[in-house]
Amino acid sequence: MPELVFFSGTMDCGKSTLALQITHNRSARGLQGVIFTRQDRAGEGKLSSRLGLVTEAVEVADGMDLYAHLVGQLSQGGRADYVIVDEAQFLTPEQIDQLARIVDDLDMDVFAFGITTDFRTKLFPGSQRLIELADRIEQLQVEALCWCGARATHNARTVGGVMVVDGEQVVVGDVNRPAEEIGYEVLCRRHHRRRLTSAAAHAAALSPDVLPVTGP
């Protein structure tokens, strides 16, 4: 039976790489897919991974009906055997409902990839709706690590290397941005709660106040 599958993880867990791998594997079997994405780091209409792989995709616009788009493509002689959706957290709950309709009415697998929570540890509306509707939720097996070596479970937004907890929910950035720009870092829960990024930890380690005291 076709399924709506939600592959979830942190920002640095390799979700886009897996999306591209699924596309490659199914293409090798002669299947054709439709790839949707929204606000990918590589630009509009792109699905990219941190390994440098990029493929063309359909950019999801505000108010776009994904079910109607796919039906229109099929009615014009196009082919689609499955659907890939990357950056699914940025979709609206209504668009997630449309993905479920693709599965139920068109008998087509839909594989959605996204992060569950934002930099404030709040669920993205799209991710929340996926959790509510998905036939299956898969935690991505590529384990992202905090700077301390513990498993990273939270996404932090940084400005100049300093973690921030206020602002718009969606601001496109990357984990590899220069420190002075808006960027993101994955942290364990402990260091997210303490707002201790790698830059902050490095600065603290260099401070004379935390150097060990030695005897005469």
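**Close-up views of the predicted model**

**Figure 1. Contact between helices H3 and H4 in the predicted model.** From H3, the residues Pro 93, Ile 96, Asp 97 and Ala 100 make contact with Pro 125, Gly 126, Arg 129, Leu 130 and Leu 133 of H4. By residue class, this contact comprises 6 nonpolar, 1 polar and 2 charged residues. Two packed helices are described by the angle between their axes and by the distance between those axes. For helix H3 (residues 93-106) and helix H4 (residues 125-133), the axes come within 8 Å and cross at roughly 35°. The crossing of H3 with H4 is right-handed.

**Figure 2. The open sheet formed by strands E10, E9 and E11.** The 3 strands of this open sheet follow the order E10-E9-E11, and their pairing is antiparallel. Strand E10 (162-164) and strand E11 (182-187) each have a single partner strand and stand at the edges, so one side of each lacks a neighbour in the sheet. From one strand to the next, the twist averages 50°. Strand E9 (residues 154-159) runs antiparallel to E11 and is joined to E11 by 6 bridges. Within this region, Arg 157 stands opposite Tyr 184 of E11.

**Figure 3. The largest nonpolar core of the chain.** This core contains 24 residues, and those with the most contacts inside it are Leu 4, Phe 36, Val 83, Val 85, Leu 99, Ile 102 and Val 110. At least two core residues are supplied by each of strand E1 (4-9), strand E2 (33-37), helix H2 (66-75), strand E6 (82-85), H3 and strand E7 (109-115). H3 provides the largest share, 5 residues.

**Figure 4. The chain as context for the close-up views.** The secondary structure of the predicted chain amounts to 6 helices and 11 strands. The chain has 216 residues, of which 41% count as buried. Among contacts in the chain with a separation of 6 or more, 73% are between residues 24 or more positions apart.

Key:
Residues are numbered from 1 along each chain as its sequence is written. This is a predicted model: local features need pLDDT of at least 70, side-chain atom pairs count only at pLDDT 80 or more; totals for chains, interfaces and linings use all residues. Side-chain values use heavy atoms; hydrogens and water are left out. Axes are lines fitted to C-alpha atoms, for helices over the stretch in contact, and angles run from 0 to 180 degrees between N-to-C directions. Helices (H or I, at least four residues) and strands (E, at least two) are DSSP runs, numbered from the N terminus. A crossing is left-handed if the near helix is turned anticlockwise from the far one by less than a right angle, and right-handed if clockwise. Contact means heavy atoms within 4.5 Å. Ala, Val, Leu, Ile, Met, Phe, Trp, Tyr, Cys and Pro count as nonpolar, Asp, Glu, Lys and Arg as charged, and the others, Gly among them, as polar. Two strands pair if DSSP finds at least two bridges between them. A nonpolar core is a set of buried Ala, Val, Leu, Ile, Met, Phe, Trp, Tyr and Cys residues joined through side-chain atoms within 4.5 Å. Buried means under 20% relative accessible area, exposed over 50%, partly exposed in between (1.4 Å probe, protein chains only).
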